[in-house]
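Please look through the sequence and the structure that follow, and keep both in view while reading. The paragraphs below take up one topic after another.

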Amino acid sequence: MTAVVTGLGVVASNGMGAEEYWAAVCDGKSGIDRIRRFDCSGYPVTLAGELHSFDATEQVPGRLRMETSMMSHIAFAAAEMALADAALDPEALPEYERGVITANATGGVEFGQRELQNLWSKGPSHVSAYMSIAWFFAATTGQLSIRYKLRGHCGVVLSETAGGLDALGHARRALRADHRMIMAGGTESALSPAGIVAQIPTRRLSTRGDPSRAYLPFDADANGYVAGEGGAILIVEDAASARERGAPAIYGEIAGYAATFDPRPGTGRPPGLERAMRTALADADAHPREVDVVFADAYGVPELDLVEAAAISAVFGPYGVPVTAPKTMTGRVYAGAGALDVATALLSIRDGLIPPTVNVTRLAEGCSIDLVREGPRPAPVRTALVLARGHGGYNAALVVRAAN
C-alpha cells in the first residue's frame with residue numbers, strides 16, 4: 001500500500017485555496033498584521049496571521065455554521081476544496097473504507113467565550129445548546145464524518161503544532177488497514193480575547209508591533225512567534241485506488257513518518273527531534289542526501305531554534321540541505337501548521353521551487369543551516385522532510401516525495 005495525496009484544501013491568512021496561497025508564499029506575501037477581530041490595544045500581543053478574507057457565511061451552510069465554531073468552519077471550507085481538487089465524490093467509495101482524521105490544539109475557544117459571556121451577562125437560558133459540542137476538539141472530525149458519510153476510521157489528534165503531521169501519519173496507517181481514502185489535516189482558530197490570553201503565559205509569543213520584525217526564526221533578533229489561524233485538509237488515498245478511479249493529480253507520496261516526545265527538563269537526555277527525523281527517514285527508506293528541502297518547525301524562540309538547527313545539522317551536516325519556514329508568512333497555525341507545510345512541500349515538489357523564509361536577515365550564532373531567504377529558490381525537489389514540534393514536548397517528522 002502506498003499513501004498518496006490527491007487533493008489539497010488550504011485556508012491561510014495570505015491566501016484562500018492552494019493556488020492562491022502558493023502564489024503568495026512564492027511571492028513572499030505575508031498575512032501577518034494587527035489583530036482586527038477585537039480591540040487588542042490592551043494586550044501585550046497585537047499581531048497575528050488572521051483570516052481577514054474568510055467569510056463563513058459563504059463557506060458553511062447556515063444551520064451547520066450555527067452548530068460549530070470557527071476551527072470547524074475552516075475545516076469545512078478546506079475539505080470542500082480538497083475534494084474538488086481531487087475530483088472525488090466520497091460516496092463513490094465503500095462507506096467503511098473512507099474516514100477522517102483531524103488535529104486541533106485549542107478547540108472552539110471563540111464559540112466557548114461567546115457562550116460563557118452570555119451565561120455571565122444574560123443567564124443560562126441564553127447559552128446555546130451547541131456549547132456542549134462546538135468547543136470540543138473532536139467536533140470537526142465528527143461533523144466532517146457526518147457531512148460526507150465517512151464511516152470508516154475516524155479520529156482526532158491533540159499534539160499542538162505537531163498535530164497536523166500526526167494526523168497525516170495516522171491517515172497512512174488507516175489506509176494500511178484496508179481503507180481507500182482518508183480526509184486528514186488540521187485547522188486552528190484561537191484569536192479571540194480568551195484564545196490570546198491563554199497563549200500569553202507561555203512567554204513564547206512575540207510582543208513586537210512591527211509585522212516585519214515580529215516572527216524571526218533562526219534570526220539573531222528572534223523574540224518569539226506570531227500566532228495564526230487557518231490550516232489545511234488533504235485527501236490521502238491508496239495509490240492503486242486513486243489511479244483506478246482516475247484521480248486528476250497525485251501530488252506525492254507520504255513516504256515516512258515518526259513521532260517522539262522530549263524528555264523532562266533536567267534529565268540530561270537529548271531532545272527528541274533528531275530521533276524523529278532519523279526515524280521518519282528510515283521509515284521512508286531514504287538517506288539524508290536524498291532530501292532536497294526541510295520545512296522547519298521554526299519556533300522563533302532563540303533556545304528552541306538552536307535545538308532545531310542543531311538537529312538538522314546533525315542529520316544533514318552544517319548547511320547540508322536547504323531549509324525553509326514559509327510559516328513566517330502565516331504565523332504558527334498550531335495544529336494547522338503541519339498540514340499546511342505538507343501542502344506547501346507537495347507544491348514545491350510539483351513546481352521545483354523552494355519558498356522563502358521572510359524577514360530573517362542575520363542567522364543567529366549556532367544556526368548552521370542553509371535557510372532559504374530573500375526569495376524562492378528554483379531547485380529540483382523530489383523529497384521533502386517536514387518538521388513540527390508541539391508545546392509540551394511533542395515532535396513529528398514526515399517525509400513526502402514525488403510519486404512514481
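How many disulfides does the count come to? In this predicted model, the count comes to zero disulfides, where a disulfide would be a pair of cysteine sulfur atoms within 2.5 Å. Cys26 has a relative accessibility of 14%, and because buried means under 20%, Cys26 counts as buried.

From single residues we can turn to the chain as a whole. The protein chain has 13 helices and 16 strands, and its C-alpha atoms fill a box of roughly 60 × 55 × 45 Å when the box is taken along the principal axes. A compact globule with 404 residues would have a radius of gyration near 22 Å, and the protein chain has 20 Å, so the value agrees with that expectation.

Among the contacts in the protein chain with a separation of 6 or more, 78% are accounted for by residues 24 or more positions apart. Of the 404 residues, 59% count as buried, while the protein chain exposes about 15,300 Å², of which carbon and sulfur atoms supply 51%.

Notes
Residues are numbered from 1 along each chain as its sequence is written. This is a predicted model: local features need pLDDT of at least 70, side-chain atom pairs count only at pLDDT 80 or more; totals for chains, interfaces and linings use all residues. Side-chain values use heavy atoms; hydrogens and water are left out. Buried means under 20% relative accessible area, exposed over 50%, partly exposed in between (1.4 Å probe, protein chains only). Helices (H or I, at least four residues) and strands (E, at least two) are DSSP runs, numbered from the N terminus. The radius of gyration is taken over C-alpha atoms; the globule rule is 2.2 Å times the number of residues to the power 0.38. Contact means heavy atoms within 4.5 Å. Accessible areas come from the Shrake-Rupley method with a 1.4 Å probe; for residues, only the protein chains shown count as cover.
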